[in-house]
Amino acid sequence: MEVSSIAKEKEMYINEQIRAREVMVIGPNGEKLGVKAIKDALTLAGYAGFDLVLISPNATPPVCKIMDYNKFKYENKKKQKENMKKQRESNLEIKEYRLSVAIDIHDFETRVRNSSKYLEKGHKVKVSIRFKGREMAHPELGRDVLVRFADAVKEIAEIEQQPKLEGRFMTMMLMPKKES
């Protein structure tokens, strides 16, 4: 029986902190040793060189396990760090950069430079163009700007979603290239 949250870990009672008279004892290898008086259970844990840890206080009788408590805490912290690392990897952000059909060359280069930094960190980039007024009559101009943007970052990114017109917006998704 493993408890993975730190909150439950802080609630766990060990050795003399356990207040029950009788407890169900589980050995260090997971075998049931039966219902024992608390003193007998503490003696068993002492002989084994481990701690008596209260696993399930609400059970009748309460369940205790003989284990190395410090090793248990260490492994739980290690698992939590690993889970947090996996969670961070799956929570990659999407940064959006808005361009216009008549974007100036320096504005364009600035957005390319900023998005390159973001892509190098492993995040995705959404590039969009909002068409105003008569620009809607020439969506190919917006597509050309998006394609030019993709070409500018082709060393570090690849197109995940081709330019697509949705209402007044044309969007394209870029993702970092896979390192191989």
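1. Let's start inside this predicted model. Its largest nonpolar core has 21 residues, and those touching the most other members are Leu99, Val125, Val127, Ile129, Leu146, Phe149 and Leu174. At least two residues of this core come from each of β5 (94-99), α4 (105-120), β6 (124-130), α5 (139-152) and β8 (169-176). There is also a second, separate core of ten residues, with Ile18, Val23, Ala41 and Leu52 among them.

2. Phe149 deserves a look on your screen. Beyond its neighbours within four places in sequence, Phe149 is in contact with Leu99, Phe108, Arg111, Val112, Ser115, Val127 and Leu174.

3. Now to helix α5. The buried residues here are Gly142, Val145, Leu146, Phe149 and Ala150. Viewed down the helix axis, the buried residues of α5 fall within an arc of 140°, so they line one face of the helix. Their packing partners are β5, α4, β6, β7 (157-166) and β8. The length of α5 checks out too: 14 residues at 1.5 Å a residue should span 20 Å, and the end C-alpha atoms are 20 Å apart, which agrees.

4. Two backbone spots are worth checking by eye. Most peptide bonds are trans, and most residues other than glycine have a negative phi. Against that background, Thr60 and Pro61 are joined by a cis peptide bond, with omega about -10°. Pro61 sits in the loop between β3 (51-56) and β4 (63-67).

5. You will find Asn15 in the loop between α1 (6-11) and β1 (22-26). Is Asn15 buried or exposed? Its relative accessibility is 17%, and buried means under 20%, so Asn15 counts as buried.

How values were computed. Residues numbered from 1 in each chain as written. Predicted model: local features only at pLDDT ≥ 70, side-chain atom pairs only at ≥ 80, totals over all residues. Heavy atoms only, no water. Core = buried A, V, L, I, M, F, W, Y, C linked by side-chain atoms within 4.5 Å. Buried < 20%, exposed > 50% of the residue type's maximum accessible area, 1.4 Å probe, protein only. Helix = DSSP H or I, 4+ residues; strand = E, 2+ residues; numbered from the N terminus. Contact = heavy atoms within 4.5 Å. Expected span 1.5 Å × (residues − 1). Arc of directions from axis to C-beta.
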